[in-house]
Amino acid sequence: MKEYFIQHAKDYVGKTVTLKGWAYSFRKGGKIWFLQLRDGTGVMQCVVTKFDADEASFELKNVITQETSVMVTGVIKEEPRSPGGYEILASKVEVVAIAEEYPISKKEHGIDFLMNNRHLWLRSKRQHAIIRIRHTIIKAIRDYFDDRDFTLLDTPIFQQAATEGTATLFETDYFGEKAYLTQSGQLYGEAGAAAFGKIYCFGPTFRAEKSSTRRHLTEFWMVEPEMAYCDLDMDMDVAEDLVFYIVSQVLEHRRSELETLERDISKLEAVQSPFPRISYTDAVKILQENGVEFEWGDDFGGGDETIISNQFPSPVMVHRYPSAIKAFYMKRDPENEKQAMALDMLAPEGYGEIIGGSQREDDIDALISRIKADGATEEDYSWYLDLRRYGSFPHSGFGLGVERVVSWICGLKHIRETIPFPRTISRLNP
RNA sequence: UCCGGAGUAGCUCAGCGGUAGAGCGAGUGACUGUUAAUCACCAGGUCGGGAGUUCAAAUCUCUCCUCCGGAGCCA
């Protein structure tokens with residue numbers, strides 16, 4: 001049996017079709033009633049009159065409630081008076097299940113109420129638009145790597161050792177042993193780069209940070225490419241190219257969703273490659289010129305990132321951070337030991353860091369001494385060190401946080417709306 | 001963890017020592033072009049929990065809980 005979806009309504013003009021969905025809203029009259037039918041792909045106005053529909057269908061106006069599941073059969077026609085430009089003149093309306101009084105109305109609600117009803121809130125226009133843009137962003141990421149000879153390498157979620165510092169690990173019991181939820185697939189990605197040349201991993205990531213801010217989730221999605229025979233400049237080339245591609249795909253395929261969100265699209269259209277690349281040292285100068293008391297060696301706070309990113313319409317890449325504030329696996333700058341071959345990409349409009357990456361340390365002795373300096377042992381990282389023992393190679397990669405990108409592209413005030421069921425420090429349900 | 005704000009009807013809020021309120025939503029009725037419809041009628045409450053002050057507490061005090069905003073923390 002053929003299925004019909006509201007987003008393809010223009011292909012159905014003049015045809016009799018059956019639409020299946022839920023009652024989004026309605027207006028009831030004495031001899032006519034209007035039903036806005038939502039089917040997940042769009043909203044269609046259904047017109048039910050005493051003359052065109054059978055009596056049983058017409059009388060359903062007395063029992064139908066918001067979010068009642070219904071099937072409507074009728075002819076699709078163009079209609080300027082309809083919100084979507086098309087409507088269906090119903091010959092038959094069938095109720096599948098009457099909905100109880102729906103808690104989410106079209107008026108204002110507080111964020112706590114909406115988050116408690118997240119499973120229902122997803123049905124509303126705005127959330128629908130965000131999740132569809134998220135989908136397009138994720139598809140763009142996958143297409144980007146798949147089309148450029150990267151191999152997908154799925155990395156484990158249960159891990160034995162930390163990648164990004166032990167303070168933010170979620171600990172779990174693994175048959176009597178301690179295991180941790182992954183903070184990053186990177187170390188495994190490096191093994192993959194030695195096997196396949198160019199790989200990416202893409203999956204959920206967990207950070208037990210006690211951060212309660214508009215840009216932190218405890219569970220978020222990250223894509224991490226890792227590339228053999230790739231230095232920091234090449235790494236930045238890929239990061240820039242990927243983000244530019246994501247933005248262009250959203251602009252091409254999700255314009256109406258951006259409009260639903262009232263996103264200033266000109267800000268996205270202003271994103272142009274090449275993206276600016278500045279060193280950490282230059283970034284410090286920008287801060288100082290803007291009156292911020294900042295010393296070389298400190299890490300940027302949220303406000304600092306905003307000042308830096310506001311200098312540019314495109315995302316800006318800051319490279320060569322002080323090695324002291326960066327992870328053990330990052331290669332030192334051959335020209336300055338105090339700097340790591342690291343890069344962060346900061347999104348425009350104050351959305352902060354969307355990418356963090358680096359050229360990796362390929363010298364085994366340097367790695368071992370830093371592992372020890374962090375209080376860990378060679379044993380803890382024995383398989384990782386094997387990657388340097390058996391054909392060490394220059395390589396680089398980065399991680400892109402999907403929700404930060406969704407938040408920026410959608411122009412959201414808070415990251416909690418970027419994922420269907422957000423996990424934050426204060427929310428585990430629904 | 002710190003600072004600030006808030007918990008009153010299904011929802012959003014007003015009331016701030018003296019009879020528990022409004023708008024929206026729900027319900028009932030009218031309407032053949034509605035877009036957050038309009039109009040009329042109507043139901044709806046352990047004022048976050050506990051303790052205290054007072055003749056009297058939604059209102060003042062203490063305490064706990066929850067949420068929100070910011071800071072810190074955080075590739």
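Colleague: How far does a polar side-chain atom of Glu101 lie from a sugar or linking oxygen of RNA strand B?

Modeller: The model is predicted, so local features need pLDDT of at least 70 and side-chain atom pairs pLDDT 80 or more, while totals for chains, interfaces and linings use all residues. Residues are numbered from 1 along each chain as its sequence is written, chains are lettered from A and ligands numbered from 1 in the order written, and side-chain values use heavy atoms, without hydrogens or water. A polar contact is a pair of N or O atoms within 3.5 Å. For Glu101, the distance is 3.3 Å.

Colleague: Which backbone lies 3.2 Å from a base oxygen of RNA strand B?

Modeller: Backbone atoms of the protein reach phosphate too: a polar one of Lys31 is 3.2 Å from a phosphate oxygen of RNA strand B. For the base oxygen, the N or O atom belongs to the backbone of Ser212.

Colleague: Which element gives the largest share of the surface near RNA strand B?

Modeller: "Near" means that a heavy atom of the residue lies within 4 Å. Helices (H or I, at least four residues) and strands (E, at least two) are DSSP runs, numbered from the N terminus. Elements giving two or more residues include β1 (16–28), α2 (111–116) and β18. The largest share, four residues, comes from β17.

Colleague: In β18, what is the bridge partner of Ile355?

Modeller: Strands pair if DSSP finds at least two bridges between them. Strands β17 (residues 352–359) and β18 (residues 395–401) pair in the antiparallel sense over five bridges. In β18, the partner of Ile355 is Leu400.

Methods
A polar contact is a pair of N or O atoms within 3.5 Å; within protein, one must be able to donate a hydrogen and the other to accept it, and residues adjacent in sequence count only if both atoms are side-chain atoms.
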